[in-house]
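Dear colleague,

I am handing over the structure below for you to look through. My notes on it come after the coordinates.

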Amino acid sequence: MLKNEPCDHTYVMQAVEELARSRFVGRGVLTHSILGREIPILTLGQGARCVLYVGAHHGMEWLTAGVLLDFVADYIRQCERNAQVYERKMTTLYRERCIFVVPMLNPDGVEYAIHGVGHENPLRERVIAMNGGEDLSAWQANARGVDLNHNYHAGFFSYKKQEAAEGIACGAPTRYSGEFPESEPETAALCRLLRQRREQIEGILTLHSQGEEIFCSCGDALSAKSMSVGRVLQRLTGYRMAHPEGLAAFGGLTDWCIAELKRPAYTLECGKGKNPLPLSQRPVIYERLRRALFTFPYML
């Protein structure tokens, strides 16, 4: 059982090391962040048909990393018991499907949100200036002020116009999309993985917080099948299907996967309240998502 503690990078790496001791888990490195922190990727199962789960695009949404780590720990427990989970044997899920898990895409932003910017950080003065002070508890962006979930090539240049209208011209705690799509090592590495495994990865779930909503729309690129799966996710989680509005409607991983890869993708806005969500919500969120996380590989 993983401890329910603030999910900073040290916590994630310790949890990954513990979980990767299981024979049911493969461990790899997606890339390293701007400040050199490892971004691990875990592999569950041996099947050729795969899905991808991603957490913590945003710094103060670090609780989503804990939820995905809880899923990995649960997956291992059920495999060890050779259990039947939601009408399907774990041996079948392990043999027939593969689940890639990136618990924390933005470790630098998470560190800022939980611990602030240390004196050893070479970007310290720049970050404090961008933030307007040393309280970084509401920080969303990566180390240099790029909002990773606006850094994908999905409506990027349309977003740039709205960004300018909002007075966002450079790095910031949130909503600055970067100089060009995939300018950041974190997003570039994730896109590279998805392109390389385009034929294998059939669907993507991205965990954000908060609102208990599901986003999956990208204009005409959204197929009837994608909408059907979205309705199943809605039923399983109790979250409601919704459409992002304003600046939230551009540049996200979900939109990019649908538009460029033609793969069903969904953003799950986990929990309710004000970010960062309290630790007490972690087990509650996981219980709401558990069935969806175990069964999503068979929905596609």
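What follows covers the sheet, a pair of helices, a cavity and a pocket.

This is a predicted model, in which local features need pLDDT of at least 70 and side-chain atom pairs count only at pLDDT 80 or more, while totals for chains, interfaces and linings use all residues. Residues are numbered from 1 along each chain as its sequence is written, and side-chain values use heavy atoms, with hydrogens and water left out.

Eight strands form an open sheet with mixed pairing, in the order β1-β2-β6-β3-β7-β10-β8-β9. At its edges lie β1 (25-32) and β9 (240-242), each of which pairs on one side only. Here helices (H or I, at least four residues) and strands (E, at least two) are DSSP runs numbered from the N terminus, and two strands pair if DSSP finds at least two bridges between them. Within the sheet, β3 (residues 49-54) and β6 (residues 97-102) run parallel and are joined by six bridges, with valine 54 standing opposite valine 102 in β6. Helix α1 (residues 9-19) packs on the sheet, where it touches β1 and β2 (38-44), and its direction makes about 30° with that of β2. Contact means heavy atoms within 4.5 Å; axes are lines fitted to C-alpha atoms, for helices over the stretch in contact, and angles run from 0 to 180 degrees between N-to-C directions.

The axes of α8 (residues 224-237) and α10 come within 7 Å and cross at roughly 140°. In this contact, Leu233, Leu236 and Thr237 of α8 meet Arg288, Leu289, Arg291, Ala292 and Thr295 of α10.

A search of the whole structure finds one cavity of 30 Å³ or more, and the largest cavity holds about 50 Å³ of space. On a 1 Å grid over the protein atoms alone, a cavity is a set of points where a 1.4 Å probe fits but cannot get out, whereas a pocket is an open set with protein on both sides within 12 Å along at least five of seven lines; lining residues have an atom within 4 Å of a point. Grid points are joined across faces, edges and corners, and a volume is the space filled by probe spheres set on the points. Val85, Arg88, Lys89, Met90, Leu93, Phe294 and Thr295 line the largest cavity.

The second largest pocket has a volume of about 220 Å³, and its lining includes Met1, Asp70, Arg77, Arg282 and Tyr286. Both α2 (63-80) and α10 supply at least two residues of that lining.

Best regards
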